[in-house]
Amino acid sequence: MTALNQLYPQPLWQWFEQICSIPHPSKHEQALSQHIQDWAKSQGLPVIEDEVGNLIIKKPATAGMEDCKVVALQAHIDMVPQKNADKEHDFEKDPIEAYVDGEWVKAKGTTLGSDNGIGMASALAVLASNDIKHGPIEVLLTVDEEAGMTGAFGLQSGVLDADILINTDSEQEGEIYMGCAGGVDGQISVPMSWQAAEASMSSFSLTLSGLKGGHSGVNIHLGRGNANKLLARFLFNHADDLALELVEFSGGSLRNAIPREASISLMVPTDKVANLEAAIAQFQALIRAELAIADPDMLLTLTSIDTPAKVMTEAAQNTLIDILNACPNGVMRMSDEVEGVTETSLNVGVISTDEQEVQILCLIRSLIDSGRDEIEGMLTSICHLSGASVEFSGAYPGWKPDNSSPVMEIVRATYNDIYKKDPTIMVIHAGLECGLFKEPYPHMDMVSIGPTIRYPHSPDEMVNITTVGQYWELLLAVLERIPAKG
């Protein structure tokens, strides 16, 4: 097998191999952060860890480029922790098992962390170099991007000197990003009431698995199945005629990942077990036919469990099923201004059950504030009608496109010179941190580039090796072309 550190460009892949070896899921980035800080200090590079945990590392210009505008290379330290159900992996302790598969680098049964580990590796490789031409460099590595953008929210004015910021979190070679969606978390709380379970009934766990999942922004337009919504649909269709009694509903693990798996615990009259099995088989065939192209491998698994002590009351169960079935999900509207780009979407990401309530955690994304407001209104209305409650938190702004951006023109022209074709200028339906950086640094000129990454936020995540080399060549050429101040 080809080792990662033998791939081109070696400086970048050597850093990515180190990144994979040190656990760094969201909110648990400290070990990797400390490793980077220790390395920077050993190289004599000034490094600051701010109050929220962001790292700022500075490097002087190479000879003759001291008067160039200051460039910040920006990436986030954390990665999304997702694994297949049959994979034993502790994201807080175990390294990522990255490997080469033809033209791609993948991970064994887990997310790879190329989002945004490749971008981070490229920034660190620039810091480590002694043969790359560049003006004054600042590397900004933010924390908790995937789970709330805590680092970007906490970045203070006056910490950076940069005139230009190059975000490295884009995921398609040949596309240059100049704008992104904003977003907000919505948490619906459905009050629960309980009654004693009847020992004469049969008890089961029904698990829905086999879906592709993926990034709830980048992949939302692909029409993939949402495990939470599909199980809710099954319950809406069959709970009454099978006299099902719900014990628990759980599904998904991250609000920004399309849920691949969900499960319910339930009880059913013993004389209806055969009907339940038939309904499951019928529903599985139906969904596999509907999603034959987008997500063909959905699997429903019924397993006997011990008799629970209690089940949801009929009223609480009906309210929960109706809310889940009515809750919008997926693409709400495509953009009129940017062809092929999702304008507004909603992901019903995580469902959990406790004594008091069932919580439904959603992520709303939109390129425009009014689109986000509309979906907030939909969820609020559903809760008003049902007696549930909803809270919205963690709102972050979109990054408004700037068609007159000087660094955009530099990147565009550089790409054309290298590859003899024009790149595609895009707006991404995902939450890049650039919109938040505009508040403390309103005059900073920004652009986002990156290699081709497929299926981020899922265990199918992979990064294309050739495009990593292309991204690296573009980045170095752009750094060499940064103009002088004034």
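Accessible areas in these legends come from the Shrake-Rupley method with a 1.4 Å probe, and for residues only the protein chains shown count as cover. The model is predicted, so that local features need pLDDT of at least 70 and side-chain atom pairs count only at pLDDT 80 or more, while totals for chains, interfaces and linings use all residues. Residues are numbered from 1 along each chain as its sequence is written, and side-chain values use heavy atoms, with hydrogens and water left out.

**View 1. The whole chain and its surface.** The chain exposes about 19400 Å², of which carbon and sulfur atoms supply 48%. Of its 486 residues, 58% count as buried, where buried means under 20% relative accessible area, exposed means over 50%, and partly exposed lies in between (1.4 Å probe, protein chains only). A compact globule of 486 residues would have a radius of gyration near 23 Å, and the 24 Å of this chain agrees with that; the radius is taken over C-alpha atoms, and the globule rule is 2.2 Å times the number of residues to the power 0.38. Along its principal axes, the C-alpha trace spans about 85 × 50 × 45 Å. The secondary structure comes to eleven helices and 25 strands, which are DSSP runs numbered from the N terminus (helices, H or I, have at least four residues, and strands, E, at least two).

**View 2. An open sheet of four strands.** The strands stand in the order E4-E5-E25-E24, with antiparallel pairing, and two strands are said to pair if DSSP finds at least two bridges between them. Strand E4 (98–101) and strand E24 (453–454) stand at the edges with a single partner strand each, so one side of each is left without a neighbour in the sheet. E24 is joined by two bridges to strand E25 (residues 462–464), and the two run antiparallel; here Ile 453 has Val 463 in E25 as its bridge partner.

**View 3. Strand E7 and its two parallel partners.** In a regular strand the side chains alternate between the two faces of the sheet. In strand E7 (residues 164–167), Ile 164 and Ile 166 point one way while Leu 165 and Asn 167 point the other way, and all are buried. Strand E3 (residues 71–76) pairs with E7 in the parallel sense over four bridges, and Ala 72 stands opposite Leu 165. Four bridges also join E7 to strand E23 (residues 445–448), again running parallel, and in E23 the bridge partner of Leu 165 is Met 446.

**View 4. His 238 in helix H5.** His 238 lies in helix H5 (residues 227–238) and, at 13% relative accessibility, counts as buried. Leaving aside neighbours within four places in sequence, His 238 is in contact (heavy atoms within 4.5 Å) with Leu 244, Ala 279 and Gln 282. His 238 and Leu 276 are 38 residues apart in sequence, and their C-alpha atoms are 8.4 Å apart in space.

**View 5. Thr 313 in a loop.** Thr 313 is found in the loop between strand E17 (310–312) and helix H7 (314–326), where it is buried with a relative accessible area of 14%. Apart from neighbours within four places in sequence, Thr 313 is in contact with Ser 193, Trp 194 and Gln 195.
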